[in-house]
Amino acid sequence: MLNYIWAGLIVSSFLFALGYDIRDIHTDRYRNGEALPLALSFPQSYDPALRRVTVEIGVDSAGYAGFYGVSGGSAKRYTGYLLQSRAGIQIRFEKASAFPEPLATIAKVSRSRDEELQGTLTGPAPAAGAATANMGVVFEPVRFVKLNAIAGAALDFAKTAAEIALGLIGVLALFLGLLKIAEDAGIVFALVKLVRPILRPLFPEIPPDHPALGMIALNLTATLFGLGNAATPFGIKAMEELQTLNGSEDTATNSMVMLLAINTASLQLVPPVLLLALMGTQINTLIFPILTTTVLGLIVAIAAAKLLGRLPGYRASDPNRLPQA
Amino acid sequence: MDTVRDAISLVSYFVLPLILVGFPLYGVIKRVPVYESFVEGAKDGFQVAVRIIPYLVAILFAIAMFRASGAMEALTRALDPVLGLIGFPAELLPMAIIRSLSGSGSAALVVDMINQYGEDSILVKMAAVMYGSSETTFYVIAVYFGAVGIRKTRHAVPAGLIADAAAMVIAVWTVRLLFG
């Protein structure tokens, strides 16, 4: 299943990106090679001999909308400067200006080394000493934006994934250390006895006195109180305990699937801190619906894990199945 | 309701300190060499973190590509008529899809919707309940199974996704029942 979903995500993202890019080329969304009309004004009057001239750039709303075939938008003013050389006049918009679409996308492609939107001015050069001029600007051609975007996203998130994993090291070490103490002191064993009546029916494969039950209990307790930081190491430890009961090296057992299903449903009494920060006092009215939803979700998760495990295909792949009689 | 909530949040202040202090303290009472045990256990922190990297990279980059491709817009448009039948608002579909895929992505969507509709709109309440009542299934799979090297996940993905889908629909219904 995961194989197909994974391949599906990758292949479909390529197809969708290609589709959108072909549509953009077809509708000429970025008007590659054509000049967008600009109204330039020079605060210090224009001097053709200077290499760098400060400029105020006005973009007429109707002109912009007509040029790119977008609707509405108010007139925009930007600051920037001209760079003059024998080859022609380059215009650069001030860094981090707020552009409307599709100019915002163009700004990501047609950019200078200092991350300014840049383009080449066309039309007759302004007269020396002029205060204003109407010229056009041609940007670098923008093609295959989405294809670039998916490649960029893949590289970015490969890095993010490693950062997330390495960021876990400290917290993992802390809680795995505490868990080792808990094991050696017999806390886990005491916990196993406590939770056995509740957890046994969900995890029938685990022997009654196995520490896995205790780790699962710690994992669920941490989740229940919204302690995501602690829940993850406890869950990982529980998985490691379950792996000691697994006859296979790389195939999930029914207990592992059950633990995972319970964790994805994430039964918690306290809403996530992030949601609290986002919603402010509104969160008070949401506690009850969140709790209801997560409890019902948990029931569905447990039922799904149990019932799917009975399907012939998944039963056959169970690493702990009894040899055929 | 308020006192229950207060009690729960009060208890949750104590759970973490209780684990942090209680475990070593109980260990000392039981004459366990607590420092040695701690270091022995903590040694695994690095290995576990490194072990999950390939799993996390595989999952996160595929999901990031999917989100960057604009596939979500197309999917939203395609599923819109089906969702109307079960009373599921189209505005929440991206949230419902992203919730299982990316935790940061779904949090960003909540922020987005707050800016767009305001905190007390029913759509934002639904989105917040969706966010708060479920975990990022694919992240959990990558981390938990990655830590023990499980590659053949069997029915974990379908079970997680069925539970997620149910939670999304239930979230919409409960909020509508309470505030609609």
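Helix α9(A) meets α9(B) through V257(A), L260(A), A261(A), T264(A) and A265(A) on one side, and A156(B), A159(B), G160(B), A163(B), D164(B) and A167(B) on the other. Keep in mind that this is a predicted model. That pairing is a handy way into the structure, and A261(A) turns up again among the residues with the most contacts inside the largest nonpolar core.

**Where α9(A) meets α9(B)**

- Sorted by class, the residues in the contact of α9(A) with α9(B) come to 8 nonpolar, 2 polar and 1 charged.
- Looking past its neighbours within four places in sequence, A261(A) touches A301(A), I302(A), A304(A) and A305(A) in chain A, plus A159(B), G160(B) and A163(B) in chain B.

- A96(B), R99(B) and S100(B) are what α5(B) brings to the contact, while α9(B) brings L161(B), D164(B) and M168(B).
- By class, that makes 3 nonpolar, 1 polar and 2 charged residues in the contact of α5(B) with α9(B).
- D164(B) is listed in this contact with α5(B), and also in the one with α9(A).

**How the two chains meet**

- Counting residues, 90 from chain B are in contact with 91 from chain A.
- On the chain B side, the elements giving two or more residues include α1 (2–29), α3 (44–68), α4 (71–85) and α9 (156–179).
- The largest share of that side comes from α3(B), with 19 residues.
- By class, the side of chain B that touches chain A has 60 nonpolar, 17 polar and 13 charged residues.

**α3(B) and its partner in chain A**

- Helix α4(A), residues 145–167, packs against α3(B) with the axes 7 Å apart and an angle of about 150°.
- That angle makes α4(A) roughly antiparallel to α3(B), since the cut-off for this label is over 145 degrees.
- Their crossing, α4(A) with α3(B), is right-handed.
- The contact of α4(A) with α3(B) has 21 nonpolar residues, against 1 polar and 2 charged.

**Nonpolar cores**

- The largest core holds 133 residues, and A261(A), L56(B) and A127(B) have the most contacts inside it.
- Helix α3(B) gives the most to this core, with 15 residues.
- There's also a second, separate core of 22 residues, including V55(A), Y64(A), L82(A) and L103(A).

**A glycine in a strand**

- G119(A) sits in strand β5 of chain A, which runs over residues 118–122.
- Is G119(A) buried or exposed? It is buried, because 21 other C-beta atoms lie within 10 Å, and 20 or more is enough for that label.
- Setting aside neighbours within four places in sequence, G119(A) is in contact with I91(A), S110(A), V137(A), V138(A) and F139(A).
- F93(A) is 26 residues from G119(A) along the chain, and their C-alpha atoms are separated by 8.9 Å.

Technical notes. Residues are numbered from 1 along each chain as its sequence is written. Chains are lettered from A and ligands numbered from 1 in the order in which they are written. This is a predicted model: local features need pLDDT of at least 70, side-chain atom pairs count only at pLDDT 80 or more; totals for chains, interfaces and linings use all residues. Two residues are in contact if their C-beta atoms, placed from the backbone, lie within 7 Å. Helices (H or I, at least four residues) and strands (E, at least two) are DSSP runs, numbered from the N terminus. Ala, Val, Leu, Ile, Met, Phe, Trp, Tyr, Cys and Pro count as nonpolar, Asp, Glu, Lys and Arg as charged, and the others, Gly among them, as polar. Axes are lines fitted to C-alpha atoms, for helices over the stretch in contact, and angles run from 0 to 180 degrees between N-to-C directions. Angles under 35 degrees count as roughly parallel, over 145 as roughly antiparallel, 65 to 115 as roughly perpendicular and the rest as oblique. A crossing is left-handed if the near helix is turned anticlockwise from the far one by less than a right angle, and right-handed if clockwise. A nonpolar core is a set of buried Ala, Val, Leu, Ile, Met, Phe, Trp, Tyr and Cys residues joined through C-beta atoms within 7 Å. A residue is buried if 20 or more other C-beta atoms lie within 10 Å of its own, exposed if 12 or fewer, and partly exposed in between; C-beta atoms are placed from the backbone.
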